[in-house]
Amino acid sequence: MISTSLQTFEETLAFPPTWIPAAPQWHNFAEAMRSAPFVTYAKNSVIITVSVIVLQMIVMIPAAYAFAKYRFWGRNLLFGIVLLAFMIPGQVTFIPVYLMMADWGINNTLLPQIIPFMANAFGIFLLRQYFMQIPQEIIESARLDNASEFKIMQKIMIPMAIPALATVALFSFVSHWNDYFWPLVVTDSTAVRPLTIGIAMLRESEGVSNWHIIMAGNVVLVLPILIVYLFASKQIVKAFVYSGIK
């Protein structure tokens with residue numbers, strides 16, 4: 001992908017394939033940017049992805065804390081319902097969710113690309129496993145000092161679960177940054193579509209043969225994921241080692 005993005009049009013058609021461009025064509029990236037409203041697409045992707053991650057944290061942290069440290073009637077049943085989310089593919093639920101968004105009148109906006117993903121079943125599960133390893137004595141000591149439950153989550157649970165939170169945030173970032181199917185279903189306007197659809201439309205606008213421009217667009221799409229992963233990779237290893245998941 002990177003090699004093709006730096007090639008000339010003739011080099012992309014050569015056989016055998018050209019692996020190292022004779023002269024890197026950096027202007028391919030500028031041409032890809034000019035071929036579509038990339039700034040709008042990128043802005044939408046950032047808004048959608050960041051909003052989803054923030055809302056998931058707001059829902060996920062209290063839920064995982066309750067499942068890990070509280071004893072209440074129906075806890076195991078409710079947690080089992082959360083785990084069922086792993087078994088239901090999105091293609092099964094997208095029609096009723098689409099109809100719900102249509103009834104609310106928010107299709108073809110950024111909201112239906114954010115609201116259905118406010119809860120993260122995998123994140124609740126992973127964070128619960130992490131919270132369960134934190135000694136109950138620490139929490140009881142904080143309660144004896146009149147710390148509220150919110151203060152306990154803020155000052156004790158969250159700092160001790162940074163690796164798990166970073167892992168969930170990264171997985172969520174990759175999933176929603178790369179999401180194509182759902183935004184394609186709920187939007188039909190360039191103004192609210194993310195970068196993934198912009199890259200797909202780049203092929204239509206540039207033609208099948210202009211792979212150097214298409215691959216330049218793909219590099220732009222993938223680069224943020226690689227950068228985020230480089231910063232979060234150590235936290236991912238810590239999360240899976242210390243949460244007992246192999």
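Predicted model: local features only at pLDDT ≥ 70, side-chain atom pairs only at ≥ 80, totals over all residues.
The largest pocket has a volume of about 940 Å³. It is lined by 26 residues, with A85, I88, G90, P116 and F117 the closest to its centre. Several helices take part in the pocket lining: α5 (75-84), α6, α7, α10 (162-177) and α11 (181-186) supply at least two residues each. Of the lining, α6 gives the largest share, with 5 residues. Sorted by class, the pocket lining has 17 nonpolar residues, alongside 8 polar and 1 charged.

Turning to the packing, the largest nonpolar core takes in 45 residues, and L127, F131 and M157 have the most contacts inside it. Helix α4 (residues 38-69) contributes the largest share of this core, namely 11 residues. What does L127 touch, once its neighbours within four places in sequence are left aside? The list runs to M60, I61 and A64 on the one hand, and A161, A164 and L165 on the other. M60, I61 and A64 fall within the residue range of α4, while A164 and L165 fall within that of α10 (162-177).

N108 is not a glycine, yet its phi is positive, at about 65°. This residue sits in the loop that runs between α6 (90-104) and α7 (121-132). N146, another residue other than glycine, also has a positive phi, near 65°. Its place is the loop between α8 (136-144) and α9 (149-160).

Are these asparagines exposed or partly exposed? N108 has a relative accessibility of 29%, so it counts as partly exposed. For N146 the figure is 73%, and this residue therefore counts as exposed, since the cut-off for that class is over 50%.

Definitions and conventions:
Residues numbered from 1 in each chain as written. Heavy atoms only, no water. Core = buried A, V, L, I, M, F, W, Y, C linked by side-chain atoms within 4.5 Å. Buried < 20%, exposed > 50% of the residue type's maximum accessible area, 1.4 Å probe, protein only. Helix = DSSP H or I, 4+ residues; strand = E, 2+ residues; numbered from the N terminus. Contact = heavy atoms within 4.5 Å. 1 Å grid on protein atoms, 1.4 Å probe; cavity = no way out; pocket = protein on both sides within 12 Å on 5 of 7 lines; lining within 4 Å. Points joined across faces, edges and corners; volume = space filled by probe spheres on them. Nonpolar A, V, L, I, M, F, W, Y, C, P; charged D, E, K, R; others polar.
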